[in-house]
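Please consult the sequence and the model alongside the text.

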Amino acid sequence: MSREMWPEQRPECRFLVDCMLGKLAKWLRILGYDTTYYSLIADHELIRIAWNEKRILLTRDVRLTQRREVTRYLLIKSDDYREQLRQVVWHYRLDASSYLFTRCLQCNSPLQDIEKARVRPWVPPYVFQTQELFRICPSCQQIYWAGTHKTKMLHRLAKILASHPLSSKEGE
Ligand SMILES: [Zn+2]
């Protein structure tokens, strides 16, 4: 049976990303950070989840950060996802290499190892022939493997994080 990967090394920061920052949420999941995101959610729900789950709220909405119940937040400055990612990574000193590709990009669950033989019915024949290591999302059953899309993401990530971000304004 598959097992959970590196449970003792989970990154500390947990995020809740505001509706309009979907691309930022995806990239934080690529980095392996626990990132909750809803494309549609009411403000009071967002605040409730941040509070209950002790998540850092990432938002571009100043009014939201002024609410008394919102204690941990980072006000995102740019509307460009690359600048947003730079801001978050630099601000929280996120580890942008140790936990890469350990989390489901669709639903945020930690991925598990799965034996190659078990994925045969669900992956393209070429992928099955050329890849050895597979991971599965225990929640949505999405299967992941190393491939050209992963290499492209790594290139893009290196490029995004190569330059300095704008200075940040934040709570806590
Ligand atoms: Zn999933």
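**The nonpolar interior and a helix pair**

The largest nonpolar core comprises 25 residues, and Val17, Leu24, Leu28 and Leu58 have the most contacts inside it. Such a core is a set of buried Ala, Val, Leu, Ile, Met, Phe, Trp, Tyr and Cys residues joined through C-beta atoms within 7 Å; buried denotes 20 or more other C-beta atoms within 10 Å of a residue's own, with C-beta atoms placed from the backbone. At least two residues of this core come from each of β1 (14–17), α1 (22–30), α2 (43–52), β3 (56–59), β4 (73–75) and α4 (81–91). Helices (H or I, at least four residues) and strands (E, at least two) are DSSP runs, numbered from the N terminus. With 5 residues, α1 gives the most to this core. Apart from this core lies another, of 7 residues, including Cys104, Leu111, Phe134 and Tyr144.

The model is predicted: local features need pLDDT of at least 70 and side-chain atom pairs count only at pLDDT 80 or more, while totals for chains, interfaces and linings use all residues. Residues are numbered from 1 along each chain as its sequence is written.

Overall, the protein has 7 helices and 8 strands, and buried residues make up 26% of its 172 residues.

The axes of α1 and α4 (lines fitted to C-alpha atoms over the stretch in contact, with angles from 0 to 180 degrees between N-to-C directions) come within 9 Å and cross at roughly 50°. Lys23, Leu24, Trp27 and Leu28 of α1 meet Tyr81, Gln84, Leu85 and Val88 of α4, a contact being C-beta atoms, placed from the backbone, within 7 Å.

Definitions and conventions
Buried ≥ 20, exposed ≤ 12 C-beta atoms within 10 Å, placed from the backbone. Contact = placed C-beta atoms within 7 Å.
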